Amino acid sequence: MKLLSKDMYKELEDAVGKEFVSQEPVVLDGYAWQPIFNLTNQKWTPRPAAVVLPETTEEVQKIVKICNKHKVKFKPHSTGWAAWGSPSEEGELQIDLRRMGKIIELDEKNKYAIVEPYVCCAQLMAEAMKKGLTCHVIGAGPNTSALASATSAWGYGGTGLSTGYSGRNLLGVEWVQPSGDILRLGSPGSDSSWFSGEGPGPGLRGLMRGFAGTQGSLGVFTKIGIKLFPYYGPKEPKVDGVLLDVQVDVPETEKMFFVVAPNFQKYADITYKVGDAEIANWFTRSTLAAGPELFMPRAAKKIYKSKPIRSLLQTFQHQGVILLSSVSKREVAYQEKVLRQIAKDTGCVVVDLSQTAGYGFWWWLMGVRSIPTALTFRAGGDFLTSYGSPVEYDNAIKQAEVATQYKQKYIDKGSFFDDTSDIGWGGIYEGTANWGHVEMAAMFVRSDGKASERMEYLEESAESTVKQTLGLGLSNLPPGSWKIYGPMLNNYHLWQARIKKALDPNRVGDEEWYVPPIDELEP
Amino acid sequence: MGTKEDLIQIVGSDNVVTDKCILETFRSDLSFHEGETPEYIVKPKSFDEVQRIVWLANEKGFPLVPCSSGGERFKGTTIPETKGAVVVDFSSMKKIVRVDRRNKVAMVEPGVTFAELQAAVEKEGLRLEMPLLPKPEKSVVASLLEREPTTCPKYNWDAIDPLCCLELVLGTGDKFVTGNAAGPGTLEQQWAAKQAQKVSMGPAQTDIGRIIQGSQGTLGLATWATIKLEVKPSIQKCYLVPANDLEDLIMFTYKMLWRKLPDHCLILNNINLSAITGVDHSGLPPWVLVYTISGLEYFPEDRISYMEEEIYEMASGFNVQPVQKLGGVSGDKLIGLLNKPGKAPYWKQSLKGGVKELFFLTTLDKSSEFVTIMHQKAVSHNFPKENTGIYIQPIRHGTGCHMSFNLMADFNNAEEKDKVKILYDDAGKAFLEMGGFFSRPHGTLVDAIYSKCPDTVLALKKVKNIFDPKGVMNPGKLCFGEEV
């Protein structure tokens, strides 16, 4: 086990206080237990040499400067939800940002909040809802950090038609760069409030975030302004029960429908029409076969074996869930009228969920909170996801078709739970079907000895995105993927490597999820 | 071989301008700034020619100054700061490569103007998000790269919108394509796979498109861009909400934006409304909120109807009254104006001939404070109130707003011109101190703007060194002085 030098450890204690630094093995093992999205297929990540818990931006800056002085790599995490928040090698310093958990400001009129890293989406949403607002929540659930999703990670939220995409919702940013320099992007950098992230001049947000973030390789984000969006539901909903037993009273002006299409093409058609009509709050593909897997996984194993039931489920393969939401009955009535006409014109069927007994559950879990992570593991204890590039929705639907074929091969090998080979979810974003995504989830049991086959699936699915021109998505993100895709895409990795060199001269930011500095790639 | 011969070899002798009179026009513009006369103007017609020009500039060390729009120029960005510059005039790159109805996106070269693209997209049942009455010769790509605000905040999700992807020649001469246009696959392969280059993010973990936007040609040159379009309404109605006090409009505007009802949504004072419509300002109220609502493909009358009812009810709660005619200005006339590029003469010049625009970002709730200070400054400089046009444009769903003061004067009159110069500087510096955020720095305020953000300047210089290490791209602009 690698430890920090005594001098460095003492400097960290001086920076944040003795009780907020630890190198106790039992504590460090807690950080190293990271099975989720662990691409080694192990339950553990390399154990950090120590963990430090700063409370302020200034403390973060001191920590990063200490790392520079001692040439020790650091890895920050916010909620630490998955393995990419952990060090990639032993001897690194884990910066745990859980003491930075304040919603500093919630500007109701201008629809944005200023938050610290440990504010999870559930917290932000709860406060925002009191003001008639909400936030984007990625599919990993309301337990994730709003700041990390927007600055450092990736992920789509089912409500994106009305709440955008995490990386595009950023406004001002406070950033401790790997050199220890603090940079405030946009308006806060010029002593203005946090409503803008670009300028003066070039948009430097482009350095730290593209489709995905750099997972801490370019430093620590300590504060962001983040856009909030109108929310028309009850300000403080009465919610009884937990997860699958949730009961909620839903107002009449929140109406949810299943939309069922006869095939992929018709499903894409109705989706584009909904976007053009500007009617819905969100619209996400959600196959009927996903239901048994999520809500009754043990029964699902039997259900999926029944040929008649399989064919019934597959009849509803091209299904989505759509929410119409307003404070006004007139507006919702208009939207429903349009939806029904579009369905008629495109040969699709709509089913009014708001008339069903379990509607409160659907509305709360799927419509408001984004699905809780706990549900997505029920089938086998673990899952992976693939495809899902941000593209035009026709291409996203093509990804669903392609992914289904590839996944079936691995279901046949026993690598994945047999779920009729779809469970691709994803929808349209930003009000008008501006763009979309569909990703392919797959469930498995980690202890089944099929790890190498699942890695094969990931590689094969990634290759298919190139062969069939499906964009760069979730299949194409693993560490080192720049070696394959960089040369295909204008050598983007070389520009990133130059940015890395300029911002991290001592190479202290863990670069596993990003790139090494340019002098390593072009000596 | 000399630079001229090299340039002729790349673009042909017809596309290298050496006429002194024409070159001289680039030495200054209506920004009060004077720089150097360029050595040549060069007019490339393709990506390859642009790339060869940038390679040549790197090899021989001459500066490049990009220019895409025709007509008069106002901001000084195309004025060379150093001797020996070559202006890269994109006006010959005029292809509308593609208009995609289903994905609501167009791909255009930098010489395409708003008037040209608007006509093309309307044929497809789409509409183009534009700044407020852009001059007809304004390049769409230049406007996107300048991050100019558009008039429908509901479609404006992020600061980069409606710009999607870019094909670039970076300052090093390297090609780079941004967003999902980067690949995998060629453009043709992407189109065959039903992609349309509409996603601006990436590729991977960097947004070079976002970095290029706002850089005023100091980092690279764009050879095409894709632009997000919207569905053309089948019917539209325009309303005007008058007020004596700007504050009376603010909370109503916030509420309408929260409900996502209006398409166009902007506030004008009587001077700017007069400049736009040609109606005498004396018959107009001091402030007018202008908004439109629209019917789309399905049940358009129903959509208009419920929106009208909702907005009327809201308005009564805020003691404001939307009307369709006001002091000689009709909503119908305004719809026609808002949906098209402006006509000559440019509306900002129509009252006095000359105009200096002072613009920045703030939030709607602070806009009145800036108006108060501007009026105080105008009084102290003896500048007539009726020569100040004010425009407030909510952006990004209303998370912020663009605020613009048009200081109008007869620039042939030296005294009037000087008064504008002094007021521009004085008010601009006051606004900076009040928290006005000058995200698009121009003119004499640039140094003051960057003195507020030394950390940003440091980072920008690192970026400049990455993308333009030899400093050939529009040197001297923004914070990129000779010491870079």
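Tutor: We may. A residue is called buried if 20 or more other C-beta atoms lie within 10 Å of its own, and exposed if 12 or fewer do. Please bear in mind that this is a predicted model.

Student: Why is A:Ala433 called buried?

Tutor: A:Ala433 has 26 other C-beta atoms within 10 Å. The cut-off is 20 or more, so A:Ala433 is buried. This residue is found in the loop between β19 (424-429) and β20 (435-436) of chain A.

Student: Why is B:Asn319 called exposed?

Tutor: For B:Asn319 the count within 10 Å is 9 other C-beta atoms. Exposed requires 12 or fewer, and therefore B:Asn319 is exposed. B:Asn319 is placed in the loop between α10 (300-317) and β14 (325-326) of chain B.

Student: What makes the phi of A:Ala433 worth a remark?

Tutor: Phi of A:Ala433 is positive, about 55°, although the residue is not a glycine. Most residues other than glycine have a negative phi. B:Asn319, also not a glycine, has a positive phi near 55°.

Student: How do you know that the peptide bond from A:Gly199 to A:Pro200 is cis?

Tutor: Its omega is near 0°. A:Pro200 lies in the loop between β9 (182-185) and α7 (205-208) of chain A.

Student: What is the omega of the peptide bond from B:Asp161 to B:Pro162?

Tutor: Omega is near 0° there, and the bond is cis. B:Pro162 belongs to the loop between α5 (140-145) and β8 (163-170) of chain B. Most peptide bonds are trans.

Terms used:
Residues numbered from 1 in each chain as written. Chains lettered and ligands numbered in written order. Predicted model: local features only at pLDDT ≥ 70, side-chain atom pairs only at ≥ 80, totals over all residues. Helix = DSSP H or I, 4+ residues; strand = E, 2+ residues; numbered from the N terminus.
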